[in-house]
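I opened this structure for the first time and kept notes as I went. The entries below follow the order in which I looked things up.

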Amino acid sequence: MNDRQPKHRAVMDLGREEWLEALGMDAADIPKAVIMEGSWWRAQRTEWRLSYLDDVRELAFPDMFYGFWQGSPVVYSCVYGAPRAVELAHLFGVLGTSRMVIIGTCGALDPGLATGDVVVPSRAVAREGVAHLYKTVTSDPGIVRSDRHLTAQGRTALENRGIRTADSLHLTWSSIFAQSGAMVEEWRETAYGSVDMEAATLFAVAKHFGFAATALLVVWDQLTADRSFLDPLTPEEQSSLEVANMTVFEATLDIVLSPDHL
């Protein structure tokens, strides 16, 4: 009788060839870039974003869409929260995709931020429960950084389109529901300027695998003014939000496939 135990391989141990086989892809098909979007409105955002791409198909895993922008392969996926965002970042990080961007919305903690501004953070504090597993988070106080060059390109691409950008200390938190008034006040006093649910996760995985990553996050909520996503916007604010949501995707397509990064 053979008493040797079989070797168990966890998902984190799987390599490039195993993921290619699982996706039904050849090495030549690996996308140049991955664009993720943190949003509840999956069907709406997916239809909207995929309208920019050619020859779109869904990969073997659900909600991972592969298409072409100006002849270069791109993957788009609407994700929500760190547990979902980490799957795209890890999978395509193993495959060797060289740059990724998370877009979506964020809450403002800095009263100087207005709805329709876009936060493009250089630094994010990881308090979402996932980033620390990649052991790339600095201890004081859990900071991970975006790619300097890609982030600068993102700001320039937005500002050239008339969008105001900001770069305050950003917080990535675990849930939009698990936010009390006392928490928001603590965050404001800590000098966090904005909060989302995915950016720090992407930055941590990017550092682990060595790809470039940034975030373009449209300001929606005004948390320090007690205004959440449930509260109505003025017509001007609604227009600014819609314009910014369109512009972040167009700017992202520009920067992820720019000649400087190919």
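**Entry 1: the whole chain**

I began with the radius of gyration, taken over C-alpha atoms, with the globule rule being 2.2 Å times the number of residues to the power 0.38. For 262 residues a compact globule would have a value near 18 Å, and the protein chain has 19 Å, which agrees. Before going on I noted that this is a predicted model, in which local features need pLDDT of at least 70 and side-chain atom pairs count only at pLDDT 80 or more, while totals for chains, interfaces and linings use all residues. I also noted that residues are numbered from 1 along each chain as its sequence is written, and that side-chain values use heavy atoms, with hydrogens and water left out.

I looked up the extent next: along its principal axes the C-alpha trace spans about 70 × 45 × 30 Å. The protein chain holds 7 helices and 12 strands. Helices here are DSSP runs of H or I with at least four residues, strands are runs of E with at least two, and both are numbered from the N terminus.

The protein chain exposes about 12300 Å², and carbon and sulfur atoms supply 52% of it. Those areas come from the Shrake-Rupley method with a 1.4 Å probe, and for residues only the protein chains shown count as cover.

I then checked contacts, meaning heavy atoms within 4.5 Å. Of the contacts with a separation of 6 or more, 76% are between residues 24 or more positions apart.

How many residues of strand 4 are buried? I found 8 of the 8 in residues 72-79, so strand 4 is largely enclosed by the rest of the structure. In a regular strand the side chains alternate between the two faces of the sheet. In strand 4, Ser72, Val74, Tyr76 and Cys78 point one way, Pro73, Val75, Ser77 and Val79 point the other way, and all are buried.

I listed the pairings, where two strands pair if DSSP finds at least two bridges between them. Strand 1, residues 33-38, runs parallel to strand 4 over 6 bridges, and Ile35 stands opposite Tyr76 there. Strand 3, residues 65-69, pairs with strand 4 in the antiparallel sense over 5 bridges, with Phe68 opposite Pro73. Strands 3 and 4 form a hairpin with 2 residues between them, and Gln70 in the turn has a positive phi of about 50°.

**Entry 2: strand 2**

I followed strand 3 to its pairing with strand 2, which is antiparallel over 3 bridges. The hairpin of strand 2 and strand 3 has 6 residues between the strands, and Asp63 takes a positive phi near 65°.

Asp55 lies in strand 2, residues 54-58. Asp55 has a positive phi of about 50° although it is not a glycine. Is Asp55 buried or exposed? I read 63% relative accessibility, so Asp55 counts as exposed.

I looked up His90 in helix 3, residues 82-95. His90 is buried, with a relative accessible area of 8%. Leaving out residues up to four places away in sequence, His90 touches Val11, Met12, Tyr134, Val205 and Phe209.

Asn245 sits in helix 7, residues 235-256. Its relative accessible area is 5%, so Asn245 is buried. What does Asn245 touch, not counting residues up to four places away in sequence? I noted Arg45, Trp48, Arg49, Thr105 and Val218.

**Entry 3: two loop residues**

Ala114 is in the loop between strand 5 (99-108) and strand 6 (118-119). At 33% relative accessibility, Ala114 counts as partly exposed. Aside from neighbours within four places in sequence, Ala114 is in contact with Arg164, Val219 and Gln222. Ala114 and Gln222 are 108 residues apart in sequence, and I found 7.8 Å between their C-alpha atoms.

Phi of Ala191 is near 75°, a positive value in a residue other than glycine.

Key. Buried means under 20% relative accessible area, exposed over 50%, partly exposed in between (1.4 Å probe, protein chains only).
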